[in-house]
Amino acid sequence: MENFWTSNKPIKGLRHFVLVNEAKEKGNTIFLMVSVLDSEINLKTTYEELINSGNWYKGWINLPKNESITEEYVNYKSSNKLEDINEIFVNSDSVFKIS
């Protein structure tokens, strides 16, 4: 599975993500994605969403700064909004050695 992805549209103002973990939930393959620029911006997505939805591009696409970091991100960070995800779990076989 490709580890580097670009979202078709900004997610909390950012578009470049890394796949850091894969898990099974209720029989579905779930991927944990983390923003390259801000680890507080993370999400879970399904295989179907990642591969077949048209919402993601494999690899990092070179984008102008105003398209890769949008005003939405600045507003999100300035609001001091906290998310429910407090921990990121990485499998021992992950290519990312996060400690």
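Student: Which side chain does Glu40 meet in a salt bridge?
Tutor: The side chains of Glu40 and Lys77 meet in a salt bridge, at 2.9 Å from N to O, where a salt bridge is a side-chain nitrogen of Lys or Arg within 4 Å of a carboxyl oxygen of Asp or Glu. This pair links distant parts of the chain, with Glu40 in the loop between S3 and S4 and Lys77 in helix H3, 37 residues apart; helices (H or I, at least four residues) and strands (E, at least two) are DSSP runs, numbered from the N terminus.

Student: What kind of model is this, and which pLDDT limits apply?
Tutor: This is a predicted model, in which local features need pLDDT of at least 70 and side-chain atom pairs count only at pLDDT 80 or more, while totals for chains, interfaces and linings use all residues. Residues are numbered from 1 along each chain as its sequence is written, and side-chain values use heavy atoms, with hydrogens and water left out.

Student: What does the chain average in pLDDT?
Tutor: The chain averages a pLDDT of 85, and 81% of the residues score at least 70; pLDDT is the predictor's confidence in each residue, from 0 to 100.

Student: Is Asp38 buried or exposed?
Tutor: Asp38 counts as buried because its relative accessibility is 8%, given that buried means under 20% relative accessible area, exposed over 50%, and partly exposed in between (1.4 Å probe, protein chains only). Glu40 is partly exposed, with a relative accessible area of 44%, and Lys77 is also partly exposed, at 30%.

Student: What lies 2.9 Å from the side chain of Asp38, and what is Asp38 in contact with?
Tutor: The backbone nitrogen of Glu40 lies 2.9 Å from a polar atom of the Asp38 side chain. Leaving aside neighbours within four places in sequence, Asp38 is in contact (heavy atoms within 4.5 Å) with Leu14, Tyr73 and Lys77.

Student: New topic: where is Ile41?
Tutor: Ile41 is in the loop between strand S3 (28-35) and strand S4 (42-46), and Ile41 counts as buried because its relative accessibility is 1%. Beyond its neighbours within four places in sequence, Ile41 is in contact with residues including Leu14, Phe17, Met33, Tyr73 and Tyr76. The C-alpha atoms of Ile41 and Tyr73 are separated by 9.5 Å, although these residues stand 32 apart along the chain.

Student: How many salt bridges does the whole structure have?
Tutor: A search of the whole structure finds three salt bridges. One of them joins the side chains of Lys44 and Glu25, at 3.1 Å from N to O, and this pair links Lys44 in strand S4 with Glu25 in strand S2 (residues 14-25), 19 residues apart.

Student: And how exposed are Lys44 and Glu25?
Tutor: Lys44 is exposed, with a relative accessible area of 54%, whereas Glu25, at 36% relative accessibility, counts as partly exposed.

Methods:
Polar contact = N/O pair within 3.5 Å; in protein donor to acceptor, adjacent residues only side chain to side chain.
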